[in-house]
Amino acid sequence: MAISAYTRDEVAKHNTEDSCWFIVDSKVYDVTDFVDAHPGGEAVLRQVAGTDATKAFYNLHRHEVLQKYKDLCVGTVEGEKPQVLDPQPGDLSQVPYGEPTWLTPQFKDPYYNDGHRRLQKAMREFTDKYVYPEAQECEDTGRYISQEFIERMAKAGILHMRLGPGKHLHGVNLLDGAVQGEEFDYFHDLIVSQELVRANARGFQDGNMAGMTIGLPCVLNYANDPAFKKRIADECFSGKKKICLAITEAFAGSDVAGLRTTAEKTPDGKHYVVNGTKKWITNGVWCDYFVTGVNTGKGLSVLLIPRGDGVETRQLSTSYSKAAATAYITFDKVKVPVENLLGKENQGIHVILANFNHERWTMACGTVRMMRVIVEESLKWAHQRLVFGKRLIDQPVIRQKLAKMIALAESHQSWLETITYQMCNMPYKEQAKHLAGPIGLLKMSSTRAAHEIADESVQIWGGRGLTKTGMGRNIEMFNRTYKFDAILGGAEEVLGDLGVRQAMRFMPKAML
Ligand code: HEM
């Protein structure tokens, strides 16, 4: 349909009961049939009928409202061009500090190659087109991730990529050839993690197969039978079956030696019988497989327990969305074949520890990207919000807050990239020795920085930063949920201590 052009005088005539038009950013909107449905009420729209309502609109709405209601746009103002950026799926942000340095055209960077850039572009488009709408709906309603969406990710190779570099990626079609599985390194991994976070829904972020990301590596690395491993991997990577990691209990969190879920062998030696409970198990509500930490008498063991007789899961209500499907699980005389043992009996601690660094590093990737989202949102808001006749950005106190937020986001991205570079260039076994400490410190420091950014941003946004809908909803979401990263995967204090204890091991006899 051809877009009509109207003069401002023509628009001005549409200020009657039967015809209500106004201008936003040189575009003409006919809201005559929408006034009754307008969430902000009819009166406010009637007050601006026939006028240019650009300032009023952007003081009260996010730009995406206009994208959602684009059908109300009937034309443009003759001789004028819209000034406000209209981001499309896949676009990079043009807001200063809205993207990391390597995605900012005027800067050079030492780490990323063409393959990384191709993957970033493909992931951004996928996230904007498919992840964002699914994430926002699930986050709001608490609905669980849909099977259709899981299969879409499986087809694009995203489920494979979530586990990081490795043989499981070889020969897999990754986002229509954006990257070859054989080339996939930790910078690709970082890109996947950081792009997915842009769906701005912390509960859904975990609901989006986080259990698989931390549970399936235990099977890939520690299954004792190749056929068994292949079957479980195929089922999970295709999205047909879902898997999660079930270690934590109400009795014991980080202290895995205190686990009270027991597994006793049957007299014929063919099964374990499992009894006990698990708490805060991400995705547990809808999972088919539980990679479970159990006490086998002389130590900890890890079993892959399929959902079946004696396994019950129920939803826990936490401060993020129910879309995360966080579960309380009970195992009541559950019979598990001995073939489902991962690693060796009583030596399960190795199975659990092996993936910790990757999990923590992935969480740091997410936290650091979310910090940047908050910086970008706050910069936009400070430029568009008018109070006492001035923009917020014109107040020195607001600029101070932004300066602190930008510095925290930028410095943590740089530190993250330095560590990622080491991960790319160090054998996995060496990483446990040399990088567990730095990764622990990075995660600890990122979540402390997130705490500062959440706090400062709410002060900038005021009531909107405390409101779940509308302009400040991402600020509200971040302020409510940043703590998940400060607790899950190792609490800040535990990780800080780990970082210093690792340094102590390498301390020379250096005297002052
Ligand atoms: C095409 C034009 C418009 C559309 C599609 C629209 C849509 C909406 C929507 C969806 C909301 C709910 C909050 C949100 O999601 O952001 C809202 C709230 C609101 N709108 Fe509009 N609106 C339009 C124009 C305007 C204009 C021109 C004004 C004022 C002059 C206005 C005043 C308000 C107010 C006061 C609220 C409540 C804000 C709050 O709770 O903070 N709207 N509008």
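The ligand is surrounded by 20 residues, the closest being P39, G40, A53, A56 and Y69; a residue counts as near a molecule if its C-beta atom, placed from the backbone, lies within 6 Å of it. The model is predicted: local features need pLDDT of at least 70, side-chain atom pairs count only at pLDDT 80 or more, and totals for chains, interfaces and linings use all residues. Residue numbers start from 1 along each chain as its sequence is written.

**Ligand shell**

- Two or more residues of the shell come from each of the elements α2 (42–47) and α3 (54–60); helices are DSSP runs of H or I with at least four residues, numbered from the N terminus.
- The element α3 gives the most to the shell, with 3 residues.
- By class, the shell around the ligand has 14 nonpolar, 5 polar and 1 charged residues. Nonpolar covers Ala, Val, Leu, Ile, Met, Phe, Trp, Tyr, Cys and Pro, charged covers Asp, Glu, Lys and Arg, and polar covers the others, Gly among them.

**Domains**

- The domain assignment gives domain 1 (4–77), domain 2 (114–208), domain 3 (241–352) and domain 4 (355–505); such bounds come from an automatic or database assignment.
- Between the C-alpha centres of domain 1 and domain 3 there are 56 Å.

**Packing of α5 with α8**

- Helix α5 (residues 114–141) packs with α8 at an angle of about 20°, their axes being 9 Å apart. Axes are lines fitted to C-alpha atoms, for helices over the stretch in contact, and angles run from 0 to 180 degrees between N-to-C directions.
- The angle therefore makes α5 roughly parallel to α8; angles under 35 degrees count as roughly parallel, over 145 as roughly antiparallel, 65 to 115 as roughly perpendicular and the rest as oblique.
- On the α5 side the contact is made by H116, L119, Q120, M123, R124, T127 and V131, and on the α8 side by F187, H188, I191, V192, E195 and L196; residues are in contact if their C-beta atoms, placed from the backbone, lie within 7 Å.
- The contact of α5 with α8 comprises 7 nonpolar, 4 polar and 2 charged residues.

**Packing of α8 with α13**

- Helix α8 (residues 186–197) meets helix α13 (residues 356–384) at an angle of about 45°, with axes 8 Å apart, and α8 and α13 are therefore oblique to each other.
- L190, S193, Q194 and V197 of α8 make the contact with T362, C365, G366, R369 and M370 of α13.
- The contact of α8 with α13 divides into 4 nonpolar, 4 polar and 1 charged residues.

**Packing of α8 with α14**

- Helix α14 (residues 396–424) packs with α8 at an angle of about 135°, with their axes 8 Å apart; α8 and α14 are therefore oblique to each other.
- Y186, F187 and L190 of α8 make the contact with T420, M423 and C424 of α14.
- The contact of α8 with α14 has 5 nonpolar, 1 polar and no charged residues.

Terms used. Contact = placed C-beta atoms within 7 Å.
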